[in-house]
Amino acid sequence: MKTVYSVAKYLQYIAAAGLVVLMMLQVVNMAGRVFLGRPVEGTTDLGSYMLLVVVSLALGWAALEGRHIKVGLVMDLLPRRLQWFIDAVILLIILGVVVYVAYLNILAGLTWPPRSTSVLSIPYNPFRLILGGGFGVLSICTIVVIIEHFKNRNRRHHES
């Protein structure tokens with residue numbers, strides 16, 4: 001499991017660097033628009049791809065760290081056993097969805113001939129593979145979270 005944590009953390013650093021590049025692109029675009037009267041051509045294409053890289057590569061680490069959004073308004077009122085069961089079912093559903101998204105994007109990334117963006121003619125395929133890879137890592141991280149969820153249940157059960 002240490003390897004999974006290491007890979008997810010490394011991908012998070014790449015995502016953070018992508019976020020910096022995305023912010024710099026937007027600043028240069030606005031500066032060009034305001035001061036030179038000419039924005040950076042293809043900012044939407046580049047920004048979309050950078051955002052895809054940032055989000056897909058950071059998801060695994062967010063899952064391992066429990067940084068996803070979780071609403072506890074109703075769940076906190078339920079008995080602990082029921083909370084645990086609902087969390088387990090939700091994690092299994094998430095795993096199914098994430099594996100499916102990874103599969104679809106990897107499949108789309110391997111299609112030929114590749115499609116490209118309209119402005120800069122950047123091919124979609126490498127970014128679909130990055131998205132599929134990011135969701136693949138998220139799938140593995142979700143499995144780790146599921147294993148930890150079941151281990152915590154067994155620990156609590158034996159402590160009672």
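Student: Where does Pro113 lie?
Tutor: This is a predicted model, in which local features need pLDDT of at least 70, side-chain atom pairs count only at pLDDT 80 or more, and totals for chains, interfaces and linings use all residues. Residues are numbered from 1 along each chain as its sequence is written, and side-chain values use heavy atoms, with hydrogens and water left out. Helices (H or I, at least four residues) and strands (E, at least two) are DSSP runs, numbered from the N terminus. Pro113 sits in the loop between helix H3 (80-109) and H4.

Student: Which residue does a cis peptide bond join to Pro113?
Tutor: Look at omega for this bond, which is about -5°. The partner of Pro113 in the cis bond is Trp112.

Student: What is phi of Ser121?
Tutor: Ser121 also belongs to the loop between H3 and H4. Its phi is positive, in a residue other than glycine. The value is near 55°.

Student: Is Ser121 buried, partly exposed or exposed?
Tutor: Buried means under 20% relative accessible area, exposed over 50%, and partly exposed in between (1.4 Å probe, protein chains only). Ser121 has a relative accessible area of 48%, so the label is partly exposed.

Student: Which backbone oxygen does the side chain of His149 reach?
Tutor: His149 lies in helix H4 (residues 125-159). With a relative accessible area of 15%, His149 is buried. A polar contact is a pair of N or O atoms within 3.5 Å; within protein, one must be able to donate a hydrogen and the other to accept it, and residues adjacent in sequence count only if both atoms are side-chain atoms. At 3.0 Å, the side chain of His149 reaches the backbone oxygen of Trp84.

Student: Leaving aside neighbours within four places in sequence, which residues is His149 in contact with?
Tutor: Contact means heavy atoms within 4.5 Å. With those neighbours left out, His149 is in contact with Trp84, Asp87, Ala88 and Leu91.

Student: How do H1 and H2 run relative to each other?
Tutor: Helix H1 (residues 2-36) and helix H2 (residues 43-65) pack at about 155°, with axes 7 Å apart. Axes are lines fitted to C-alpha atoms, for helices over the stretch in contact, and angles run from 0 to 180 degrees between N-to-C directions. Angles under 35 degrees count as roughly parallel, over 145 as roughly antiparallel, 65 to 115 as roughly perpendicular and the rest as oblique. H1 and H2 are therefore roughly antiparallel.

Student: How many residues of the contact of H1 with H2 are nonpolar?
Tutor: Ala, Val, Leu, Ile, Met, Phe, Trp, Tyr, Cys and Pro count as nonpolar, Asp, Glu, Lys and Arg as charged, and the others, Gly among them, as polar. In the contact of H1 with H2, 7 residues are polar and 1 is charged. The nonpolar number is 19.

Student: How far apart in space are Ala8 and Ala62?
Tutor: Ala8 is part of helix H1. Ala8 counts as buried, because its relative accessibility is 1%. Along the sequence, Ala8 and Ala62 are 54 residues apart. From C-alpha to C-alpha, they are separated by 8.7 Å.

Student: Leaving aside neighbours within four places in sequence, which residues is Leu52 in contact with?
Tutor: Leu52 lies in helix H2. At 21% relative accessibility, Leu52 counts as partly exposed. Its C-alpha atom is 7.6 Å from that of Phe127, 75 residues apart along the chain. With those neighbours left out, Leu52 is in contact with Phe127 and Leu131.
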